[in-house]
Amino acid sequence: SSRPFWATGASALRPTSGGWLHVHENVARKDLEGWKAMLVEEVTAHCHAAHGGAWVVKCEHLERVKSYSPHVDHVVADLLC
């Protein structure tokens with residue numbers, strides 16, 4: 001899982017202008033929308049913790065890369081922060 005490194009990615013963003021985070025993860029197909037919402041919420045919190053201020057994080061693109069196992073896909077989310 002890439003989750004332990006989301007805070008590191010958020011802290012690497014420019015404090016005043018933000019940037020992009022490219023997040024890889026294996027996600028159960030049935031949980032994809034919930035995972036996307038949780039990802040945006042957690043990255044927003046990490047951005048706020050690292051830089052303060054009000055951050056808007058949007059998932060601009062979600063790509064299914066490949067099937068990882070039955071009912072689980074490897075996906076990539078592009079977050080604009």
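Two strands are counted as paired if DSSP finds at least two bridges between them. Helices (H or I, at least four residues) and strands (E, at least two residues) are DSSP runs, numbered from the N terminus. The structure is a predicted model, in which local features need pLDDT of at least 70 and side-chain atom pairs count only at pLDDT 80 or more, while totals for chains, interfaces and linings use all residues. Residues are numbered from 1 along each chain as its sequence is written, and side-chain values use heavy atoms, with hydrogens and water left out.

The strands form an open sheet of three, in the order β1-β3-β2, with antiparallel pairing. Strands β1 (20–28) and β2 (58–69) lie at the edges, each pairing on one side only. From one strand to the next, the twist averages 20°; the angles run from 0 to 180 degrees between N-to-C directions, and the axes are lines fitted to C-alpha atoms, for helices over the stretch in contact. Strands of a sheet pair through backbone hydrogen bonds, either parallel or antiparallel.

Strand β3 (residues 72–80) pairs with β2 in the antiparallel sense over nine bridges. Across this pairing, K58 stands opposite L80 in β3 and C59 stands opposite L79. The hairpin of β2 and β3 has two residues between the strands, and H71 takes a positive phi near 70° there. The pairing of β1 with β3 is likewise antiparallel and runs over nine bridges, with A28 opposite V72 in β3. Seven of the nine residues of β3 are buried, so this strand is largely enclosed by the rest of the structure. Here, buried means under 20% relative accessible area, exposed means over 50%, and partly exposed lies in between (1.4 Å probe, protein chains only).

Helix α2 comprises 20 residues (residues 32–51), which at 1.5 Å a residue should span 28 Å; the end C-alpha atoms are 28 Å apart, in agreement with this value. The expected span is 1.5 Å times one less than the number of residues. The buried residues of α2 are W35, L39, V40, V43 and C47. Seen down the helix axis, these buried residues fall within an arc of 135°, so they line one face of α2; the arc is that of the directions from the helix axis to the C-beta atoms. An α-helix has 3.6 residues a turn, so residues three or four places apart point the same way. The buried residues of α2 pack against α1 (6–11), β1, β2 and β3, where contact means heavy atoms within 4.5 Å. The face turned away from the buried side of α2 carries the exposed residues E41 and A49. Just after α2, G52 takes a positive phi of about 75°.

The structure holds zero disulfides, a disulfide being a pair of cysteine sulfur atoms within 2.5 Å. The sulfur of C47 is 4.5 Å from the closest cysteine sulfur, in C81, which is too far for a bond. C47 counts as buried because its relative accessibility is 0%. C59 is likewise in no disulfide, and the nearest cysteine sulfur, that of C81, is 10 Å away. At 21% relative accessibility, C59 counts as partly exposed.
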